[in-house]
Number of protein chains: 2
Amino acid sequence: MILINGQPDNRIPVTDRGLQYGDGLFETLAFRQGKLEYLAAHLQRMAKGCERLNISFSDKDKLEFELATLCAQTAEDSVIKIMLTRGSGGRGYKAPTDAEPLRIISSHPMPDYPQSCQQGITVRLCQHRLGINPGLAGIKHLNRLEQVLARSEWDDDNIREGLMLDVKDRLVEGTMSNLFLVHQGQLITPTLTENGISGIMRAAVIKSAAELAIPVKEKDLTLADLELADEVFLTNSLIGIWPVTELDGSDCYWEHGELTRHLQSELKTTER
Amino acid sequence: MILINGQPDNRIPVTDRGLQYGDGLFETLAFRQGKLEYLAAHLQRMAKGCERLNISFSDKDKLEFELATLCAQTAEDSVIKIMLTRGSGGRGYKAPTDAEPLRIISSHPMPDYPQSCQQGITVRLCQHRLGINPGLAGIKHLNRLEQVLARSEWDDDNIREGLMLDVKDRLVEGTMSNLFLVHQGQLITPTLTENGISGIMRAAVIKSAAELAIPVKEKDLTLADLELADEVFLTNSLIGIWPVTELDGSDCYWEHGELTRHLQSELKTTER
């Protein structure tokens with residue numbers, strides 16, 4: 001089911017700037033046990049993105065109402081995707097001042113990842129590099145060619161995710177997930193000020209770690225840090241935490257370690 | 001008028017990856033005196049973009065036929081926009097192998113820039129910086145938030161264009177145009193290997209210069225180079241060549257100089 005500005009529909013105008021320029025934002029939420037997980041956090045990130053792109057988010061209440069309508073007709077264990085575009089109009093790149101944003105919400109089956117992913121996955125290193133763009137870093141905007149190109153590099157379903165370096169050789173994230181390393185009892189995750197998406201599950205993990213008195217540090221990471229890590233895991237709103245146990249094509253293996261297990265079980269008990 | 005895969009329509013599926021991820025390309029052509037200017041060059045750039053993004057361009061013949069159909073019903077002095085998206089499908093960022101690309105072509109009124117722009121314009125320096133991404137540099141893809149943000153910085157119609165620096169302080173291009181400097185009889189234009197769009201009019205100017213035995217150099221440029229320039233001009237497929245005579249908010253002025261005039265008149269006689 002798809003609702004566009006509250007109406008059941010499945011098409012948008014060609015003139016929409018979301019299509020023309022990727023001029024918009026999106027969120028991907030898990031709908032489980034009758035609940036849109038981390039809804040407030042997702043809407044907060046969307047509001048932040050709107051501020052950065054100067055897109056009006058005055059229809060937040062309508063969006064929440066529409067999400068409730070959609071969820072009422074959606075099977076549990078689904079994915080809900082929200083897209084918010086600037087709408088139509090303007091002259092070329094110049095955005096109109098009176099644009100009416102387009103709210104597109106849709107439900108999708110939850111990807112059927114095997115249960116074993118919770119115990120460990122194999123990842124690869126992508127060749128396509130993330131660019132650097134502080135002005136767009138952190139927000140979940142619709143310009144996602146970097147991720148599309150990186151994800152196109154492999155077909156093997158046994159490789160669950162690809163890690164991405166940026167053009168400065170920093171290890172930033174997975175194509176669809178954030179990265180955490182455990183090193184000497186400390187949790188380390190890349191700084192996302194020049195690129196990357198500031199994930200909702202990433203924030204939840206950082207919060208959980210703080211509550212468990214596990215030290216967390218945001219810093220630039222390299223492949224050398226990955227090799228030295230005691231544990232490695234990835235996060236996103238659908239997968240939660242996936243331990244990384246193998247880097248394809250390398251001698252790098254990691255355990256599904258204690259700290260990762262601890263965070264996984266902590267997250268299960270946390271209010272989503 | 002809009003044709004989508006050859007059919008008159010004005011809406012596309014929400015599932016289209018052009019909307020979802022900016023997963024596609026576009027071209028903007030001038031239609032004048034019954035001719036789509038530089039059509040072959042535009043299609044060649046699109047083919048190059050398809051190769052880079054691994055989008056099938058097997059329907060090039062259909063596209064050309066559809067363009068002819070559209071132009072037959074379009075007033076002269078119009079803008080024709082072509083968008084080619086990867087189409088619908090795939091799992092998240094992972095593109096489907098059997099995607100059917102979407103061809104969207106549309107006609108628009110030519111922007112009514114005053115004739116005086118041919119003698120000189122005022123530009124500004126944008127605050128928003130271009131990122132760095134060699135994998136996407138040069139091609140005209142649909143991830144255009146950088147240009148949208150830069151173009152949103154000013155409203156004054158007397159400022160016709162904004163110049164953009166990148167995150168390495170290099171002067172790369174305008175929001176919708178390529179940049180040329182004239183220095184001591186030599187034509188200089190930024191290298192576009194790490195960002196920027198490789199413009200069709202840029203290529204035409206470089207070709208004309210070569211025919212006129214004007215030396216042309218592609219190199220990294222900075223603001224200092226701009227200040228030292230004897231002449232400055234911008235190019236794109238709709239404007240041709242616009243001399244830059246003033247940088248807003250600075251002491252920088254340039255003449256509508258001899259070399260720029262020479263290239264402007266040369267381009268008028270060139271086969272488009």
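## Domains of chain A

The domain assignment divides chain A into domain 1 (2-109) and domain 2 (115-269), with bounds that come from an automatic or database domain assignment. This is a predicted model, in which local features need pLDDT of at least 70, side-chain atom pairs count only at pLDDT 80 or more, and totals for chains, interfaces and linings use all residues. Residues are numbered from 1 along each chain as its sequence is written, while chains are lettered from A and ligands numbered from 1 in the order in which they are written.

Taken over C-alpha atoms, the centres of the two domains of chain A are 26 Å apart. In domain 1 of chain A, 19 residues are in contact with eleven residues of domain 2 of chain A; contact requires that the C-beta atoms of two residues, placed from the backbone, lie within 7 Å. On the domain 1 side, β4 (24-32) and α2 (39-53) of chain A are the elements that give two or more residues. Helices (H or I, at least four residues) and strands (E, at least two) are DSSP runs, numbered from the N terminus.

## Interface between the chains

Between the chains, 40 residues of chain B are in contact with 40 residues of chain A. On the side of chain B that touches chain A, β3 (11-13), α1 (17-21), β7 (102-109) and α4 (145-151) of chain B each supply at least two residues. The most comes from α4(B), with six residues.

Strand β3 (residues 11-13) of chain A pairs with β3(B) in the antiparallel sense over three bridges; strands pair if DSSP finds at least two bridges between them. Within this pairing, Arg11(A) stands opposite Pro13(B) in β3(B).

## Residues with positive phi

Most residues other than glycine have a negative phi. Gln33(A), which is not a glycine, has a positive phi of about 50°. Gln33(A) lies in the loop between β4 and β5 (35-36) of chain A, and is exposed, with 9 other C-beta atoms within 10 Å. A residue is buried if 20 or more other C-beta atoms lie within 10 Å of its own, exposed if 12 or fewer, and partly exposed in between, with C-beta atoms placed from the backbone.
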